[in-house]
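Open the model in your viewer and keep the selection tool at hand. This tour goes from one stop to the next and says what to look for at each.

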Amino acid sequence: MGMSASQARLLSLTARMTDNENSAQDLSYSKIRLANQTEQLNNDYLESLDATKLTVLTGFKDSEEVYTDISYGLMTGYNTVACGKQYVVTDSKGKVLVTAAQAKAFESGNGDLNKFLAAMGYSQATIDISEKSTASEEDKALAKQKIHEAWDQYLTSVGLHYGDDEHGLDFGYTSFGTDAFNGYPTYTLTDLKTGAKTTKALNYEGTTQEQREMYDYATSLTEAYYGDSDSLDKLKTGANSDNTGYIKYLSNIFQKMLSAGFYTEDEPDKTYKDNAWFEQGLRDGKLLLEYYSTTDKKFVPTSIDSDTAIQEVEDEREIALIEQKYKNKLDDLEKKDNQFDLELKKLDTEHNALQTEYDAVKSVIDKNVEKTFNIFS
């Protein structure tokens, strides 16, 4: 091999050895990154093994408590929580989260409890007959007596009295929007001297929640008896004891909507039907829980930490998914690490070969240089 050829070969070998070393260094850095990723994966995995979920007491099997994964429907449904409490969900400002049907019923009723209940298919009236029905005269008399007693109770509470004629008042009900009374219950007072009759609307004149409840109940009785029987026949009334619990449940929701305001959650990716979103909202404090206190006669705050009907348990299903994901990711990292090892081994073999050839060529050049110096010395 000539001197110039040897030098060219040496430069080529030097460049290849440099590339080889750079590639080996890159692979070494990649292995370090893989090691860091593996360590982080292990840390995340160990933390994830603490995964828990919120559950709600929904019943009993023999003497054993039965818990179900928490959801909006369970927490706010009728008699769905086994402790017997009625719950509502609010945002951090106190507005109650309701279903679209409840929101529509409230808006269509314009803040009127009886209209809200009717839109939901119910009436709090404890009579089932109407003036157009085929009920007996005795049943009609009993119904009228119940109406009078309900109005007497309300009128007395707001300080209104009609003397000896009070029980002789004729009560009635006009459908919403058909005349000057605009859907209010009416009463007719007869002048005992002239016989003249005056019909007036019974507007609400109370100031307390109890008075409002009396007024709404008397109104529901009046509407049930004097109203449109065709529409009333479709309603489930308080005359059936099976309905009274649910009517109270709806009434409590109505009062909460009236006092605190309300909203619905209708974004496609954030619906109250999404259990994961609902649970996370409770954990983050974006959603809050209240239950109806029969003592205070209103909803009072509670929390996922203090409420005895809610239990946090190990989420076995989530942990199983986490373990599977961990195994898959770890297998992937190990495959990459093995591949890097193979490439490093190949580079090392190549480097040894290049080094051997480099040493041989360098030796030839060194001898040529030494021989040249000897000739000219």
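Is the crossing of α3 and α8 left-handed or right-handed? Keep that in mind while you make the selections. The model is a predicted one.

**Stop 1: α3 and α8**

Select residues 100-109 for helix α3 and residues 241-260 for helix α8. The crossing of this pair is right-handed. Now show the side chains at the contact. From α3, pick Q102, A103 and F106; from α8, pick Y249, I253, F254, M257 and L258. Colour them by class: seven are nonpolar, one is polar and none is charged. Next, look at the axes. They are 11 Å apart, and the packing angle is about 70 degrees. Angles of 65 to 115 degrees count as roughly perpendicular, so α3 and α8 are roughly perpendicular to each other.

**Stop 2: the whole chain**

Zoom out and clear the selection. Switch to cartoon view: the chain has 10 helices and 15 strands. There are 377 residues, and 36% of them count as buried. The accessible surface of the chain is about 22700 Å², with 49% of it belonging to carbon and sulfur atoms. How much of the contact comes from residues 24 or more positions apart? Among contacts with a separation of 6 or more, such residues account for 66%.

**Stop 3: α5 and α6**

Select residues 137-157, helix α5, and residues 209-226, helix α6. Their axes are 9 Å apart, and they pack at an angle of about 155 degrees. Angles over 145 degrees count as roughly antiparallel, so that is how α5 and α6 are described relative to each other. The crossing of α5 past α6 is left-handed. Now bring up the contact residues. On α5, take K140, A143, K144, K146, I147, A150, W151, Q153, Y154 and S157. On α6, take Q211, M214, Y215, Y217, A218, T219, L221, T222, Y225 and Y226. Colour this contact by class as well: 12 residues are nonpolar, five are polar and three are charged.

**Stop 4: L160**

Go on to the loop between α5 and β6 (170-173), and select L160 there. Is L160 buried or partly exposed? Its relative accessible area is 24%. Buried would need under 20%, so L160 counts as partly exposed. Draw a distance from L160 to E205, C-alpha to C-alpha: it reads 9.5 Å, while the two are 45 residues apart in sequence.

**Stop 5: T302**

Select strand β14, residues 298-302, and pick out T302 in it. T302 has a relative accessible area of 17%. The cut-off for buried is under 20%, so T302 is buried. What does T302 touch, not counting residues up to four places away in sequence? Show Y87, L289, E290, Y291 and D307. Then draw the line from T302 to E290. These residues are 12 apart along the chain, and their C-alpha atoms are separated by 5.3 Å.

**Stop 6: α9 and the residue after it**

Finish at helix α9, residues 275-284. Which residues of α9 are buried? Highlight W277, F278, E279, G281 and L282. Then step on to G285, which follows α9. Check the backbone of G285: its phi is positive, near 85 degrees.

Conventions:
Residues numbered from 1 in each chain as written. Predicted model: local features only at pLDDT ≥ 70, side-chain atom pairs only at ≥ 80, totals over all residues. Heavy atoms only, no water. Helix = DSSP H or I, 4+ residues; strand = E, 2+ residues; numbered from the N terminus. Buried < 20%, exposed > 50% of the residue type's maximum accessible area, 1.4 Å probe, protein only. Contact = heavy atoms within 4.5 Å. Areas by Shrake-Rupley, 256 points an atom, 1.4 Å probe, with all protein chains shown as cover. Axes fitted to C-alpha atoms, helices over the stretch in contact; angles between N-to-C directions. Parallel < 35°, antiparallel > 145°, perpendicular 65-115°, else oblique. Left-handed = near helix turned anticlockwise from the far one by under 90°. Nonpolar A, V, L, I, M, F, W, Y, C, P; charged D, E, K, R; others polar.
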